Amino acid sequence: MENKKLFVDYFVDSVFVEKFNESLRECLSKIQQRTMAKYCSPENAQRLKHGVDFSNPAAPQVFNGGVETHATHFEISLESIIAHDVSALENCFISFQKEMGEQFIRMVYSTISKACDQSGNVVDANKSGSLSLAFLEMLEKLEFCIDKNGVVSFPDIHLGTDAFNEFTKEMQEATPEFNELLESVKGRKIAEAQEREILRKSKFARYGDSSI
Amino acid sequence: MRILLAIGCNAYEHADSLYSAEDDARRIFNALLKPEIGQFDPECSLLLESPTIEQVRLALRKTLFDNSDIENFTFFFAGHGGVSSGSFHMWLRDTGQKTQSMTALSLGELFRFLNETSPRQSNIIIDACQSGGLVSDLGVILKPELIGDVGTPALTLIATSAQNQNSGETSAGGIGTNAILDCIEGRDFVQDSASVLDLVEIGRRVSKKIEPYGQNAIVWGLNLYGPPSFCRNPRFETDPNTSLRGLIHHWPADIDVAIKDNYNEIWDVYGVLDRQWNATQFITLVGAILRPCRENGLALVGCAERLAVTFSAKAMQATDVYRSPLVSAGVAVCLLPSLGTSEIDAGAEFLICKLVDEIVAVNELLISSMKENKYCLLPKDGGGFVELYQLPLRISKILAWAGATYICAQDSTKEKAKLQFIEIFRFALEHYSGSIIAVSDSQASSWEVILTAAMMLELNDEAEHLVCLVFKSILTCEGNLSKFDIPPEKALVYLLSRQRGDYSNASDLIERPIETLSVLLRAAKALNLDSVLDDYLWEIDGLRFACYRPTSYANYSYINMEGGFNEYWEVGFDVFRIDDFIGSWTLSLLEDRDLVYKLSLVGSLLLEDRVPWFCLDAFLSESS
């Protein structure tokens with residue numbers, strides 16, 4: 001009889017439990033996807049069905065940051081459940097978002113940093129003399145992105161709070177000569193992007209108009 | 001020889017008439033003479049309605065004494081009866097109460113006839129009042145010189161009432177006779193595990209059934225030996241779960257831990273197999289059941305074959321004719337990791353042959369339907385808008401399994417499978433070209449197999465037609481194919497997004513990257529269509545496509561494969577023409593007679609998240 005008490009349930013609907021937990025997993029997944037979408041467009045997210053290694057056989061120069069595992073766990077006490085503490089749900093979501101989000105962001109910056117180290121796309125702000133000069137040097141090293149419709153997008157700038165405040169102040173106090181130089185660099189970079197895009201499209205057998 | 005003497009007496013010169021006795025005898029007579037029920041000899045069996053004692057004695061002489069080598073003699077009586085002077089008497093038309101010993105048929109007299117003629121098995125059924133009183137006469141037959149030795153007759157008796165009870169009749173017939181006929185004709189369940197019913201088990205069932213009517217039917221079995229032989233069992237194997245119960249019962253005891261550990265899952269999968277199919281669930285279950293057998297090749301093969309037979313039997317109850325072949329395929333694929341020994345290879349070949357035979361039969365049915373009705377690929381019930389999603393998938397599966405059957409067929413069925421594939425392929429191209437489109441990336445493996453079979457058969461025109469149709473559909477949707485595991489309830493969202501060309505609400509339903517394009521571009525190269533398709537690659541500028549290359553194709557039965565490599569390409573980044581892709585493609589080569597080739601091909605069609613790249617690679621290798 002004592003053993004039996006350990007293995008019995010009282011009005012437990014296991015199918016309901018499974019479906020509820022599935023909806024909870026979906027909720028958490030959506031939270032994670034929202035976080036990821038701030039740094040990476042959903043259209044750029046790729047899915048692996050098997051294995052973990054990946055490569056670009058036709059573009060071996062592309063940096064491969066590998067696959068990481070991100071994990072978090074959340075505890076809810078039995079006391080909270082029987083006290084019907086619904087705030088535990090919200091706390092779970094907040095904790096999950098924070099933990100998983102931090103891991104993702106750390107991965108993004110770490111991967112970009114490694115890629116830049118590998119390609120040499122690094123600027124030392126101290127050596128440049130100031131943030132604004134370092135910024136100019138960065139623009140020189142960068143290639144602006146251009147999509148297939150010819151729309152050029154400028155690079156996103158990610159700064160810590162202090163660096164952001166300092167950078168903003170410097171840019172506001174920049175001389176007209178500096179601004180002119182900045183515009184000149186931007187203009188050149190845009191033109192380079194457009195030229196690259198023309199070159200890229202020329203690699204196709206044909207580009208534009210008609211279909212099968 | 002099986003002989004029946006049925007007597008029903010309604011009319012009496014010295015007793016009250018009955019209403020249903022003659023009808024009871026007639027119904028028993030008609031039922032037991034049917035070949036599908038009793039198989040009693042119609043020439044030698046007799047039916048008597050309200051006979052006199054002399055007529056009965058004459059009938060007994062004719063049936064018992066004029067025939068030799070009687071395997072089964074069955075005597076049925078419905079009418080008045082009673083115990084008198086230490087014996088049970090069956091009353092006939094001219095029976096008088098004070099002259100029963102002369103004018104009624106006593107059971108003792110019948111026993112003496114049976115003693116003299118010794119049919120191997122005698123059955124006596126009496127539906128009369130006080131028929132349980134026949135116990136008084138058992139002393140006639142219970143003699144060591146008559147029974148007990150080898151070959152001495154066996155005797156079964158049913159009396160539909162106790163010695164001190166009456167037997168009732170209704171307008172529908174005698175209560176006892178009705179109960180017996182219900183068992184014989186399948187309206188009442190006795191058992192379903194044997195093909196023949198024994199009168200003893202019928203008697204026990206009848207006894208329980210007529211108790212509420214105040215009758216206590218009694219059955220005796222004397223000197224019984226050998227298998228039951230009264231009548232066929234109409235309920236034999238009608239329980240749809242019979243084959244699984246048999247499987248579990250006869251599973252080798254030393255490896256039955258797998259059955260015990262998966263008992264609930266086995267019944268869950270088996271129970272819905274005629275209505276639902278989930279390849280992942282089925283292969284996972286079969287893999288778990290076979291795991292303890294993997295050390296012993298013969299045990300593995302034997303158990304695999306039993307599983308295939310058992311689950312196929314249930315699958316054949318499905319309206320979807322592909323269900324049973326998919327079951328065979330699922331079991332066969334589970335042998336992949338263990339290939340390499342002669343017994344397992346032989347077992348795998350056997351299951352592949354079974355699969356091929358099943359698909360050939362399905363193809364025959366399909367071709368026959370196609371000739372009568374061009375809409376035969378649409379479902380018989382339901383359907384409608386859901387077909388805008390399901391039909392393209394169905395067409396690719398039908399063609400793929402037909403192609404796989406040709407590829408995997410042995411020489412004896414190769415030609416037939418070939419002709420079937422050609423006919424089905426051409427029919428689909430002619431009547432369903434609008435639905436030969438890529439909707440889901442799950443179709444990638446199907447396209448690979450279809451194009452391989454077509455190219456093996458030098459159906460290059462048809463293969464080119466298919467490549468162009470599928471490629472065009474990819475251009476139309478800009479490569480936004482649905483995930484292979486899209487939930488059914490999301491298919492409508494995907495369809496609407498595809499129709500509107502706006503996938504912002506369906507981003508999580510789109511497969512990225514896709515493997516379908518990897519299949520098509522290689523097929524285009526093999527068919528020398530690359531320069532044609534190159535002109536249109538700009539329309540999918542930015543589309544990423546991929547290939548998962550396993551460490552071994554013997555892993556193609558695992559639900560999740562570890563190791564291996566995921567390779568990616570992007571149109572407009574590292575691929576501008578098909579040659580850019582082919583130039584960086586690593587060929588996978590397997591012999592098409594190889595068991596790994598066949599089973600991994602089958603596995604890819606079942607699980608739909610992997611492609612048998614070696615199929616088209618054989619043609620790329622020839623041309624390179």
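Q: Two strands count as paired if DSSP finds at least two bridges between them; with that rule in hand, which residue of β5(B) is the bridge partner of B:Ser84?

A: This is a predicted model, in which local features need pLDDT of at least 70 and side-chain atom pairs count only at pLDDT 80 or more, while totals for chains, interfaces and linings use all residues. Residues are numbered from 1 along each chain as its sequence is written, chains are lettered from A and ligands numbered from 1 in the order in which they are written, and side-chain values use heavy atoms, with hydrogens and water left out. The partner of B:Ser84 is B:Ser87 in β5(B), and β4(B) pairs with strand β5 (residues 87-90) of chain B over 4 bridges in the antiparallel sense. (Strands, E of at least two residues, and helices, H or I of at least four, are DSSP runs numbered from the N terminus.)

Q: How many strands make up the open sheet that contains β4-β5-β6 of chain B, and what is its pairing?

A: Strands of a sheet pair through backbone hydrogen bonds, either parallel or antiparallel. Here 3 strands form the open sheet, in the order β4-β5-β6 of chain B, and the pairing is antiparallel. Because β4 (81-84) and β6 (105-106) of chain B stand at the edges with a single partner strand each, one side of each has no neighbour in the sheet.

Q: What is the strand order of the open sheet of 6 strands in chain B?

A: The order is β2-β1-β3-β7-β8-β12 of chain B, with mixed pairing. Strand β1 (residues 2-8) of chain B pairs with β2(B) in the parallel sense over 4 bridges, B:Ile7 standing opposite B:Leu48 in β2(B).

Q: Which strands does helix α1 of chain B lie across?

A: Angles run from 0 to 180 degrees between the N-to-C directions of axes fitted to C-alpha atoms, for helices over the stretch in contact, where contact means heavy atoms within 4.5 Å. Helix α1 (residues 21-33) of chain B lies across β1, β2, β3 (72-78) and β7 (121-127) of chain B, at about 165 degrees to β1(B). Helix α2 (residues 53-65) of chain B lies across β1, β2 and β3 of chain B, at about 175 degrees to β2(B).

Q: How many residues of chain A and of chain B are in contact?

A: 31 residues of chain A are in contact with 42 residues of chain B. The rule finds 5 salt bridges across this interface (a side-chain nitrogen of Lys or Arg within 4 Å of a carboxyl oxygen of Asp or Glu). The side chains of A:Lys49 and B:Glu515 meet in a salt bridge, at 3.4 Å from N to O. Strand β1 (residues 54-55) of chain A runs parallel to strand β15 (residues 565-570) of chain B, joined by 2 bridges, and A:Phe54 has B:Asn566 as its bridge partner in β15(B).

Q: Where do A:Phe11 and B:Pro513 lie?

A: Most residues other than glycine have a negative phi, and most peptide bonds are trans. A:Phe11 has a positive phi, near 55 degrees, and its place is in the loop between α1 (2-6) and α2 (14-37) of chain A. B:Pro513 is joined to B:Arg512 by a cis peptide bond, with omega about -5 degrees, and lies in the loop between α19 (491-500) and α20 (516-526) of chain B.

Methods
Two strands pair if DSSP finds at least two bridges between them.
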